[in-house]
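Visitor: I have a structure on my screen and would like to learn how to read it. Where do we begin?

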Amino acid sequence: WSNGAFLDGFSLLGGDVTVTGLDGESLQGDKIYREYYKRLGENPTLDISQCPDLGPVLMALAAATGGATLTGTKRLRIKESDRGAAMAEELKKLGVECRVEEDSIFVPAAKMMAPTEALYGHNDHRVVMALSLLLSKLGGTIEGAQAVSKSFPNFFEAIRSLGVEVELYED
């Protein structure tokens with residue numbers, strides 16, 4: 001469900017992606033993403049306390065679809081990076097000024113722009129995948145994109161198969 005959320009996210013950005021094979025009976029908290037995606041575009045408040053891995057992708061998609069407030073965000077600080085702060089830092093490079101608080105993150109409706117500098121993956125696979133969604137529309141570069149190997153080593157090949165133009169460079 002966690003990785004499916006990133007691929008399904010392309011549909012919210014104008015793509016035509018159908019993710020299949022996910023266990024509907026799963027107890028994984030991330031399966032709520034489909035319900036949350038339906039609410040994006042309405043500037044919703046979404047509680048991610050039981051699904052913190054969705055934080056980066058929800059921040060990215062909220063930035064692209066009209067904003068959102070995420071609550072229950074404390075756990076984002078103890079992941080591979082401080083995911084809320086990392087995403088806010090990178091979204092700022094796209095023209096989106098997020099507000100990160102103790103247990104909530106506000107992502108405003110904003111007109112995103114192509115970055116004038118490389119985005120940084122913060123050594124976090126979910127940050128890299130979330131940023132990749134946005135750059136599929138805006139263009140740009142992510143330094144440290146190899147972080148995807150932690151949970152989805154063939155992520156870039158998968159999105160290439162969806163028609164996303166991807167160039168990988170070795171460090």
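Visitor: Leaving aside neighbours within four places in sequence, which residues is Ser132 in contact with?

Guide: First, a caution: this is a predicted model. Ser132 is in contact with Ile142, Phe155 and Phe156, once neighbours within four places in sequence are left aside. Ser132 itself sits in helix H5, residues 125-138.

Visitor: Is Ser132 buried or exposed?

Guide: Ser132 counts as buried because its relative accessibility is 6%, and buried means under 20%. Its side chain also reaches the backbone oxygen of Val128, at 2.8 Å.

Visitor: How do I read a sheet?

Guide: Strands of a sheet pair through backbone hydrogen bonds, either parallel or antiparallel. Here, an open sheet has four strands in the order E1-E2-E4-E3, with mixed pairing. Its edge strands are E1 (45-47) and E3 (99-100), and each pairs on one side only.

Visitor: How do strands E2 and E4 pair?

Guide: E2 (residues 68-71) and E4 (residues 104-107) are antiparallel, with four bridges. Take Thr69: its bridge partner in E4 is Phe106.

Visitor: And how do I find empty space?

Guide: Rolling a probe the size of a water molecule over the atoms shows where empty space is left. In this model, the largest pocket holds about 770 Å³.

Visitor: What lines the largest pocket?

Guide: The lining has 25 residues, and Ile142, Ala145, Val166, Glu167 and Leu168 lie nearest the centre. By class, 11 are nonpolar, eight polar and six charged. H5, strand E6 (142-143) and helix H6 (155-161) each supply at least two lining residues.

Terms used. Residues numbered from 1 in each chain as written. Predicted model: local features only at pLDDT ≥ 70, side-chain atom pairs only at ≥ 80, totals over all residues. Heavy atoms only, no water. Pairing = 2+ DSSP bridges. Buried < 20%, exposed > 50% of the residue type's maximum accessible area, 1.4 Å probe, protein only. Polar contact = N/O pair within 3.5 Å; in protein donor to acceptor, adjacent residues only side chain to side chain. Contact = heavy atoms within 4.5 Å. 1 Å grid on protein atoms, 1.4 Å probe; cavity = no way out; pocket = protein on both sides within 12 Å on 5 of 7 lines; lining within 4 Å. Points joined across faces, edges and corners; volume = space filled by probe spheres on them. Nonpolar A, V, L, I, M, F, W, Y, C, P; charged D, E, K, R; others polar.
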